[in-house]
Amino acid sequence: MYLTRFRFNTARRGARGLLSGPNRLHAAVLHGFPEPERLQGDGGRILWRLDSTARHDAVLYIASPEEPDLTHLVEEAGWPARGTGWDTRPYGKLLASLDTGQRWAFRLTANPVHFARTTPEGPKRWLPHVTPDQQLEWLLDRCAGRGFTIPAGADGGPNVTVHDRAWLRFTKSQDRREVTIRAVTYEGALEIGDVEALRHSLVHGIGKAKAYGCGLLTLAPLGGG
């Protein structure tokens, strides 16, 4: 597995176009691989996440079984004068270093949903959680099964914040179907409980809407920024 970081030049028209919808960015990510349909197996899949830390700053992260070639993104939406324009590093060393009991800072953008009815007689379907409390509970209910727990913070509650809560809406080009996704970003600390389960979460993602920028969990040393 590999982890790639690409910074957009948000002043460019091409960047603004790609950032206008997750369907466009999904297609651009897949174009970084000659045969993306092969990269969805037991060893991992293509995952991506867009982080916007400031008004004019947008960074794309990609986890993938093969190294991507993002030349097309650099030419359309990046910084061509700065060498390759992206940074790809092997993910295996980090995955191998994980151990039970370790604590890491984490970031996850996910699509918190539940399978329920809107009326007593109606069919069940996937519905988004819309309040911060519901979205936090969604993560807390699932994290142990994904290999980790959320330790308590200074206030005694779970050491995690919920922010960047956004509705993503777009039309699929294949069938003109309207798609609506509730995307939520979680940041905090985690403690590893099951190493293999966490490794699976890191390379396969968490939750739904993975094709559209949800599901990629990344780790960083606690206190390391």
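Let us start with how the chain folds back on itself: among contacts (heavy atoms within 4.5 Å) between residues at least 6 apart in sequence, 68% join residues at least 24 apart. The model is predicted, so to speak of local features a pLDDT of at least 70 is needed, and side-chain atom pairs count only at pLDDT 80 or more, while totals for chains, interfaces and linings use all residues. Residues are numbered from 1 along each chain as its sequence is written, and side-chain values use heavy atoms, with hydrogens and water left out.

Now for the overall picture. The protein has 6 helices and 13 strands; these are DSSP runs numbered from the N terminus, with at least four residues of H or I for a helix and at least two of E for a strand. Its radius of gyration is 18 Å, close to the 17 Å that the globule rule gives for 225 residues, so the protein is as compact as a globular protein of that length. The radius is taken over C-alpha atoms, and the rule is 2.2 Å times the number of residues to the power 0.38. Along the principal axes, the C-alpha atoms fill a box of roughly 50 × 50 × 35 Å. Of the 225 residues, 45% are buried, where buried means under 20% relative accessible area, exposed over 50%, and partly exposed in between (1.4 Å probe, protein chains only).

S13 pairs with strand S7 (residues 103-110) in the antiparallel sense over 4 bridges; pairing requires at least two bridges found by DSSP. Across this pairing, Phe106 stands opposite Leu219.

Strand S7 also holds Ala110, which counts as buried because its relative accessibility is 0%. Beyond its neighbours within four places in sequence, Ala110 has contacts that include Trp138, Arg182, Tyr186 and Cys214.

Finally, a word on the backbone. Most residues other than glycine have a negative phi. Asp164, in strand S11 (residues 160-171), has a positive phi of about 50°, and with 44% relative accessibility it counts as partly exposed. Ala209 has a positive phi near 60°. Ala209 is found in the loop between helix H6 (195-204) and S13, and at 18% relative accessibility it counts as buried.
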